[in-house]
Amino acid sequence: MADPFGFLKYERKDNPFRPVAERIKDWEELQIPLSTEERQTQAARCMNCGIPFCQTGIFYGGKRAVSGCPNDNLIPEWNDFVYRGEFKKAFERLAKTNPLPEMTGRVCPAPCEKGCTEGLNGSGVTIHDNERFIIDHAFENDWVKATGLPAERTDFKIAIVGSGPAGLSAAWRLNQLGHHVTVFEKSDQAGGLLMYGIPNMKLDKQVVMRRIAVMEAVGIKFVLNTEIGVDITADALQKEFDRVIIAAGASVPRDLNVPGRDARGVVFAVDYLTDCTKEVLAGERHSNQKLAGQHVIVIGGGDTGNDCLGSAVRQGAASVTQLEITPQLPSERTTENPWPEYPMVAKIGYGQAEGMFTGNGPLTYYTTSTTEFITEDDRIVGIKTVQVDGKFQAIPGTEKTLKADLVLLAMGFTGVQQSLLETFDVHEIFADYTTDNEKVLVAGDAKRGPSLVIWAIREGRKAAEQIDQQLRALVYQ
Ligand SMILES: Cc1cc2nc3c(=O)[nH]c(=O)nc-3n(C[C@H](O)[C@H](O)[C@H](O)COP(=O)(O)OP(=O)(O)OC[C@H]3O[C@@H](n4cnc5c(N)ncnc54)[C@H](O)[C@@H]3O)c2cc1C
Ligand code: SF4
């Protein structure tokens with residue numbers, strides 16, 4: 001147990017965000033880690049309470065958002081090791097459940113902290129930042145590769161379709177268990193939304209590439225620029241491999257079919273964010289003026305929308321505006337949303353803060369629906385909006401027109417590409433990741449719909465263990 005009185009002695013201190021004025025000049029990561037000593041002090045705040053709500057993800061009160069870690073990370077145990085300076089033990093404990101902690105230690109919204117007992121009266125332990133410290137320290141000391149090496153190899157071959165966090169997590173676990181793993185990815189880089197989706201300032205792409213390099217070093221094969229169902233048929237894959245995991249994400253974006261939708265300058269958020277990352281990968285790590293003089297409207301008030309705002313600010317947009325159809329959340333927990341439920345409260349995202357700082361917005365309009373894209377010569381020049389009531393019905397007399405040179409659609413995703421499941425003859429996916437095709441399993445966003453990196457990691461790991469059990473049972477038949 002860490003210092004039993006730590007939470008009374010020490011204030012919570014997060015990894016500080018770089019000042020807005022500085023960070024909008026580049027695409028480097030937003031947060032700067034604390035020193036080792038400060039981190040140990042933060043770990044001391046974990047009191048290893050009798051019932052650690054932090055380490056089990058539960059949908060309390062029927063809420064849609066989970067509280068506690070969906071991946072069952074052994075949080076109080078690794079906090080204790082950090083406090084004691086036993087960093088290798090902390091890493092080994094973390095690696096037992098999480099094969100990609102450098103990703104979650106940067107981008108996870110930390111539902112664990114929302115369930116932390118200290119958060120009942122205070123603000124919770126800095127679990128997310130502690131996790132990042134442990135894995136960054138492990139990479140610095142070259143401890144990571146050893147945890148991915150199998151004790152012995154089997155003859156089984158597994159194909160994984162998609163290299164997002166679900167595919168990577170499954171690949172890591174299957175390889176650890178001794179199986180031969182090949183990951184197929186249609187894009188030119190591995191990582192899924194970790195690579196092309198989440199912007200560089202939240203997760204540096206070097207961090208993703210570093211993990212792929214370790215995965216290759218422990219024996220996992222990556223085949224890029226290869227779309228399963230197009231470049232290799234489902235039949236061929238099933239003939240060559242003993243099992244297939246479809247971890248292809250929920251890539252079908254929600255569209256907005258209003259007049260003018262086909263205008264040039266109306267773009268899906270992930271396509272825009274992918275282009276931004278490609279520029280960073282090509283070596284452009286400083287902000288540019290690519291959107292100078294342009295008015296950018298982001299439709300969708302979630303995290304993807306926020307990533308679009310931050311990216312457009314870095315490209316020098318004249319204004320950034322965000323539209324959200326639902327009402328603004330309250331600033332504090334309501335009585336219907338008590339601890340340890342996930343707090344449904346308003347937050348100011350980093351992109352919103354940056355838009356406000358530049359004075360170019362964001363004007364975030366809540367309860368606002370888009371009714372038309374205004375075009376000139378097939379190019380977007382503006383949009384028409386209207387306020388909606390609690391039933392999303394238009395309120396007459398609230399119509400507005402906004403200028404727009406670029407509109408980014410960030411309204412979420414509807415799910416996995418059905419044609420991919422069909423080509424594998426998969427019509428039903430079961431809770432244990434198996435399907436009505438005994439050779440095929442499905443994990444991550446492809447199974448649960450658009451979600452979080454840590455859910456994808458959990459599902460990849462669990463699907464891998466399911467396959468391991470199936471294949472070992474075949475050996476002993
Ligand atoms: C802009 C954005 C920001 C986000 N930010 C966060 C965040 O901060 N924190 C967080 O926890 N979550 C975040 N998320 C959600 C998170 O990224 C996803 O939940 C997670 O990546 C899902 O992982 P996955 O492996 O299931 O799928 P994905 O990451 O979508 O990966 C699927 C991969 O499969 C590949 N693929 C698809 N079809 C084929 C095929 N036929 N053949 C070969 N390859 C194929 C795709 O190219 C892709 O690389 C964000 C999502 C978006 C869109
Ligand atoms: S993965 Fe997310 S929820 Fe789990 S311990 Fe890390 S920050 Fe918390």
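Predicted model: local features only at pLDDT ≥ 70, side-chain atom pairs only at ≥ 80, totals over all residues.
Local features need pLDDT of at least 70 and side-chain atom pairs count only at pLDDT 80 or more, while totals for chains, interfaces and linings use all residues. Residues are numbered from 1 along each chain as its sequence is written, and side-chain values use heavy atoms, with hydrogens and water left out.

**Cavities**
- A search of the whole structure finds four cavities of 30 Å³ or more, a cavity being a set of points on a 1 Å grid over the protein atoms alone where a 1.4 Å probe fits but cannot get out.
- The largest cavity has a volume of about 90 Å³, where volume is the space filled by probe spheres set on the points, which are joined across faces, edges and corners.
- Its lining comprises 15 residues, with C46, C49, C54, C116 and T117 nearest the centre; lining residues have an atom within 4 Å of a point.
- Helix 4 (residues 75–83) gives the most to this lining, with three residues; helices are DSSP runs (H or I, at least four residues) numbered from the N terminus.
- The second largest cavity holds about 70 Å³ of space, and its lining includes C69, P70, H128 and E131.

**Helix 3 and helix 4**
- The axes of helix 3 (residues 36–44) and helix 4 come within 8 Å and cross at roughly 135 degrees, axes being lines fitted to C-alpha atoms over the stretch in contact, with angles running from 0 to 180 degrees between N-to-C directions.
- The two helices are therefore oblique to each other, a class left over after under 35 degrees (roughly parallel), over 145 (roughly antiparallel) and 65 to 115 (roughly perpendicular).
- R39, Q40, A43 and A44 in helix 3 meet N79, V82 and Y83 in helix 4, contact meaning heavy atoms within 4.5 Å.

Terms used: Chains lettered and ligands numbered in written order. 1 Å grid on protein atoms, 1.4 Å probe; cavity = no way out; pocket = protein on both sides within 12 Å on 5 of 7 lines; lining within 4 Å.
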